[in-house]
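Please open the structure in your viewer and keep the sequence panel in view.

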Amino acid sequence: MAAVQETVDRVRRIDVDQYRYGFETVIESDKAPKGLSEDTVRFISAKKNEPAWMLEWRLEAYRRWLTMTEPKWARVNYPKIDYQDLYYYSAPKKKELASLDEVDPEILKTYEKLGIPLREVEMLEGVVRPEGERKIAVDAVFDSVSVATTFQKELKQAGVIFMPISEAIREHPELVKKYLGTVVPTSDNYFATLNSAVFSDGSFVYVPPGVRCPMELSTYFRINERNTGQFERTLIIADKGAYVSYLEGCTAPQRDENQLHAAVVELVTLDDAEIKYSTVQNWYPGNSEGKGGIYNFVTKRGDCRGNNSKISWTQVETGSAITWKYPSCILRGDNSRGEFYSIAISNGHQQVDSGTKMIHLGKNTTSRIISKGIAAGVSQNTYRGLVTAHRKATGARNFTACDSLLIGDRCGAHTVPYIEAKNSSALFEHEATTSKISEDVLFYCIQRGLSQEEAVGLVVNGFVKDVLQQLPMEFAVEAQKLISISLEGSVG
Amino acid sequence: MALLEVKNLQVRVEEREILHGLSLTVNKGEVHAIMGPNGSGKSTLSHVIAGKPGYEVTGGEILFKGENLLEMSPDQRSSKGVFLAFQYPVEIPGVATMTFLRTALNAQRKARGESEFSTPDFLKKVREVAARLNIPQDMLRRGVNVGFSGGEKKRNEVLQMALFEPSLCILDEMDSGLDIDALRVAADGVNALRSPERAMVVITHYQRLLNYIVPDVVHVMSKGRVVKSGGKELALELEASGYAQFEDAA
């Protein structure tokens, strides 16, 4: 039997029900009533003790959302979502904790199973980390409420604000008011508008002028409540000359109902500032019949507001039943730079429609897009990208490379680039390749002693190498692990 | 016991029989050359021994060290000591040659129940072998065969052969695409690996290669069978008279 045929057969037999992280934690939760209305919005706002201006902001978004319709242009199919049949807020009962000791042990156990224990746990256990080792600050978001925030002291010394956005709304209203919704306006798109109305929590980061954040900031998300939409809201601001690297990773427990996830992430860089935002996404992809799995409708956008500023997105997408996600850069400041590095793996019945937008507005702005799509099973994997230069964006430059790799012959890879140059000095390059994983290459590896699965793993890791290299060290290992987990499914 | 025994092997590809009862016995320490015109089944034989998918064995057997080779998966055959030097080695972008060598060597050792090489031991071994073959360090850092010249690709095959220390080496058309200097370097590398414990099967169209790798036994294949076997002088005879005489014999 030919190697590829064998792969196809194995893919047919895959049982994504064996989803590694498909466990569920039993904890009490405090839910809003099912369905969406002004009352739901008020309930959430009240739960968070929000000031009146925030409630007004949410209600305005809600009213606008009522007038909007769900976008249909992406290459994804899913049954109609009944927005009145979802819960919009749930939080673990226990909250407002003074220390990690008070964290529900069930929650801590969940992190342990993920192999991502809070660094604090180690410290409590008396584990001494070597001097000078890079630290990661974890703002653990469990369902919708942050239950543990660490490394606050060290960050405070540097003047960096890193806290749940619900707290930032109360403690730093001037900053939140100044930046919230300025990159992704409440009217932006159906899912972003919904998020604006009902967002529960998320991270807020502010790095003051000239400060290089002393550690990588990290948040691990988990959806853990049946039928609960997860509406994260993240806002990161790097003031003049500041730098911050932010890591976001997430896994979700297995369940039958589809779960809606509509997050919004806004990044702002002022003059000479830089934000590096890395994601490893592994939401539950659904079972072998394509049932269940997360609907991931995310709006992520960065605004290079200042001159010489830089925003870099790196993502490793392996999970979710449906991914609808286009982390983008608005290159407003002169000489600003945007980067997008992406690995999107789809297997089973997964559908991915993902890419980026690079919007060149300032002079001599540059952008770079490296996208690697890998499709297996009966999945559909689409890259959709927009590169545009405004007529005043003289000297704009973009380089795009989109490579797709197919495993088996029942999946699809699609590339949909939109390129618009409104001035004659813009220089845009676009390269795209689509290839099938070659039987000859697999046989070569196997003849040298590798198993079929190891061979596929090796070839795919080579294929995505350019992107993996962009991840911070701490994340690269986890990313490789996730890639091999998702490939395990594809070759049996 | 012979190292490799091919007995009355019959092989089909997509309903067409390519090998019609081929037999071949190779002992430890011997170098056998298999010569024959295009389409005589030389490469098919090498692929079937290595276990390449797409071939259907309809009769006969292959014993390797007395074991039934056809029941083993291709990676098992590799760890048991079967090595195929490819006519056209593939490129694997993004996978550094060094990484590939280490992954493969450790996979084979693991399959044999041996401990994996430590990084320093491995590096030492690779550097040593690479130096012998005139392979620069820079080549080991590049993706497997990516941007390699024809000669470099073949040298990379010989490097792996030296590193994995197989007991049976099958060299499939190793002279194709090589100029005379590159051929000499590769052949010298192969000759250095000749040993009383190892056998080689050299598959080639031309006698030229056999000036450098001198065989103990020469077989002529035609239309899916071995039609004549003899000493190294048989190759010279072929060079002079061509394959036509054997086409009729087959």
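**Chain B as a whole**

Select chain B and display its surface: the accessible area comes to about 10600 Å², with 47% of it belonging to carbon and sulfur atoms. Please bear in mind throughout that this is a predicted model.

Along the principal axes, the C-alpha atoms of chain B fill a box of roughly 55 × 40 × 35 Å.

Colouring chain B by relative accessibility is the next step; 53% of its 250 residues count as buried. Then select the charged groups of chain B, 30 positive and 32 negative, whose mean positions lie 4 Å apart.

**Helix 1 and Thr44(B)**

Select residues 42–50 of chain B, which form helix 1, and centre on Thr44(B) within it. Is Thr44(B) buried or exposed? Its relative accessibility is 11%, below the 20% cut-off, and Thr44(B) therefore counts as buried. Beyond four places in sequence, Thr44(B) is in contact with Val11(B), Ile18(B), Leu19(B) and Tyr55(B). For one of these, Ile18(B), the C-alpha to C-alpha distance from Thr44(B) is 7.6 Å, across a separation of 26 residues in sequence.

**Two positive phi angles**

Most residues other than glycine have a negative phi. Select Asn8(B), which is not a glycine and yet has a positive phi of about 50°. Asn8(B) lies in strand 1, residues 4–13 of chain B, and is partly exposed at 43% relative accessibility.

Move on to Lys223(B), another non-glycine residue with a positive phi, here near 45°. Lys223(B) sits in the loop between strand 11 (217–222) and strand 12 (225–230) of chain B. With 46% relative accessibility, Lys223(B) counts as partly exposed.

**Confidence in chain A**

Finally, colour chain A by pLDDT: the mean is 80, and 75% of its residues reach 70 or more. Residues 1–20 of chain A have pLDDT below 50, and this stretch has 54 contacts in the model beyond near neighbours in sequence. Residues 141–148 of chain A also stay under 50, with 52 contacts beyond four places in sequence.

How values were computed: Residues numbered from 1 in each chain as written. Chains lettered and ligands numbered in written order. Predicted model: local features only at pLDDT ≥ 70, side-chain atom pairs only at ≥ 80, totals over all residues. Heavy atoms only, no water. Buried < 20%, exposed > 50% of the residue type's maximum accessible area, 1.4 Å probe, protein only. Areas by Shrake-Rupley, 256 points an atom, 1.4 Å probe, with all protein chains shown as cover. Lys, Arg positive; Asp, Glu negative; His and termini not counted. Charge placed at Lys NZ, Arg CZ, Asp CG, Glu CD. pLDDT = per-residue confidence, 0-100. Contact = heavy atoms within 4.5 Å. Helix = DSSP H or I, 4+ residues; strand = E, 2+ residues; numbered from the N terminus.
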